[in-house]
Structure formats: structure tokens, C-alpha cells
Amino acid sequence: MAWLYAEYIADELLRTGNLIPSGTLEFRSGRQTLALTIYLSDSAGELSGIRVISRLDEWLSLTAYGHPWQDWVRDRFARIDEERGEGSGTGPDLELARSTWRWLERTELLATDLDTANPWHQTDLTVDETIQVWTPAWQLGLPLGHLAIHLF
């Protein structure tokens with residue numbers, strides 16, 4: 001149930017922000033990235049009611065530009081495995097989270113190359129949207145989730 005609740009919170013944050021149509025792969029990548037962040041940051045099972053509002057700052061810092069989010073996810077899964085011990089099995093929530101992580105890592109979306117507008121080397125910060133690169137879904141979903149939290 002914890003995974004479904006994390007996914008619900010992520011969905012609500014993204015829908016409230018109204019950043020992107022809900023039927024797109026970009027929306028899904030944002031929702032799944034945010035849900036994984038929410039689920040993995042809840043180590044004590046405290047995601048209920050008012051506690052959600054008090055966690056927004058933590059989620060903002062985890063999804064911030066420059067934060068090693070991918071490494072953080074791997075570390076959290078490793079810590080969960082260590083806490084559970086060998087042979088204790090996985091619950092349905094953890095399996096859904098792992099499945100989501102595999103999808104976010106393996107799925108690539110064609111997105112505008114934002115590195116073309118490098119403020120350190122150019123005076124014109126215009127982004128040429130015709131230049132596109134294949135980007136892992138989590139890399140596209142991370143800033144989307146971060147912005148949705150800001151707009152909430």
C-alpha cells in the first residue's frame with residue numbers, strides 16, 4: 001500500500017502543477033520519478049496526512065539539480081536490502097518500486113538538449129528545440145517532479 005500511496009501523492013503533485021498532459025510518457029516519467037523519491041525517502045512508514053506537507057522540503061532537496069539522485073536511489077535500495085537481510089523476500093511495495101526503477105533506467109525519451117544553452121559560454125540563453133537527445137526517463141522526470149513540488 002505504501003507504493004500506491006507514494007504514486008498517488010506524486011500524481012496529485014504533478015496534476016496540481018499542470019505542467020504537462022497526464023497521458024504522456026513525460027508525465028509518467030515525472031510521476032514515477034517522484035513516486036520513487038517519495039517511497040524511498042519514507043524509511044519509517046510515516047507518509048500519512050499532514051506528514052506529506054512536512055516532507056516537501058526534503059523531496060525538493062532530493063530532486064534538486066546537481067543532487068546525485070540516481071546514486072541516492074541505488075544506495076536506498078542497497079540499504080533496504082541490508083536491513084531486510086538475505087532470504088527475507090520482498091514485499092509487493094518494494095517490488096513495484098524496483099520495477100519502476102528498472103523502467104526509469106531502461107526507458108529513454110527524446111527530449112530537447114538543454115546543454116546547448118550553456119550560460120557559462122554563451123550570452124544568448126535561447127534553447128534550440130530542434131536539437132534533441134535520447135535521455136533516460138528519470139533524467140527527464142526529475143526536474144518535472146521538482147518543479148511540480150515547487151508549484152504545489
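I began with the salt bridge between Asp81 and Arg98, whose closest N and O atoms are 2.2 Å apart; I take a salt bridge to be a side-chain nitrogen of Lys or Arg within 4 Å of a carboxyl oxygen of Asp or Glu. Asp81 lies in helix H5 and Arg98 in helix H6, so this pair ties together parts that are 17 residues apart in sequence. Asp81 is partly exposed at a relative accessible area of 35%, whereas Arg98 is buried at 17%; buried means under 20% relative accessible area, exposed over 50% and partly exposed in between, with a 1.4 Å probe and protein chains only.

Before going on I noted that this is a predicted model, in which local features need pLDDT of at least 70 and side-chain atom pairs count only at pLDDT 80 or more, while totals for chains, interfaces and linings use all residues. Residues are numbered from 1 along each chain as its sequence is written, and side-chain values use heavy atoms, with hydrogens and water left out.

Salt bridges, continued. The structure holds seven of them, including one between Asp11 and Arg15, with the closest N and O atoms 2.5 Å apart. Both residues lie in helix H1, four residues apart, which is about one turn of the helix. Asp11 is buried at 14%, and Arg15 is partly exposed at 45%. I also looked up Arg55, which forms a salt bridge with Glu58 at 2.8 Å between the closest N and O atoms; Arg55 counts as buried at 7% relative accessibility, and Glu58 as partly exposed at 31%.

Overall fold. I counted seven helices and two strands in the protein chain, where helices (H or I, at least four residues) and strands (E, at least two) are DSSP runs numbered from the N terminus. From the N terminus on, the elements run α-α-α-α-α-α-β-β-α. Buried residues make up 41% of the 152 residues in the chain.

I found four aromatic pairs, taking rings of Phe, Tyr and Trp (its six-membered ring) as paired if their centres lie within 6.5 Å, with planes under 30 degrees apart counted as stacked, over 60 as edge-to-face and the rest as tilted. One of them joins Trp3 and Tyr39, edge-to-face at 5.7 Å centre to centre, with 75° between the planes. Trp3 lies in helix H1 (residues 2-17) and Tyr39 in helix H2 (residues 25-41), so the pair ties together parts that are 36 residues apart in sequence. Trp3 is buried at 2%, and Tyr39 is buried at 13%. The rings of Trp69 and Trp101 have their centres 5.6 Å apart and their planes at 70°, so this pair is edge-to-face as well. Trp69 lies in helix H5 (residues 69-84) and Trp101 in helix H6 (residues 92-106), so the pair ties together parts that are 32 residues apart in sequence. Both of these residues are buried, and together with Trp138 they form one aromatic cluster.

Core. Which residues have the most contacts inside the largest nonpolar core? They are Leu36 and Trp69, in a core of 31 residues; such a core is a set of buried Ala, Val, Leu, Ile, Met, Phe, Trp, Tyr and Cys residues joined through side-chain atoms within 4.5 Å. H2 gives the most to this core, with six residues.
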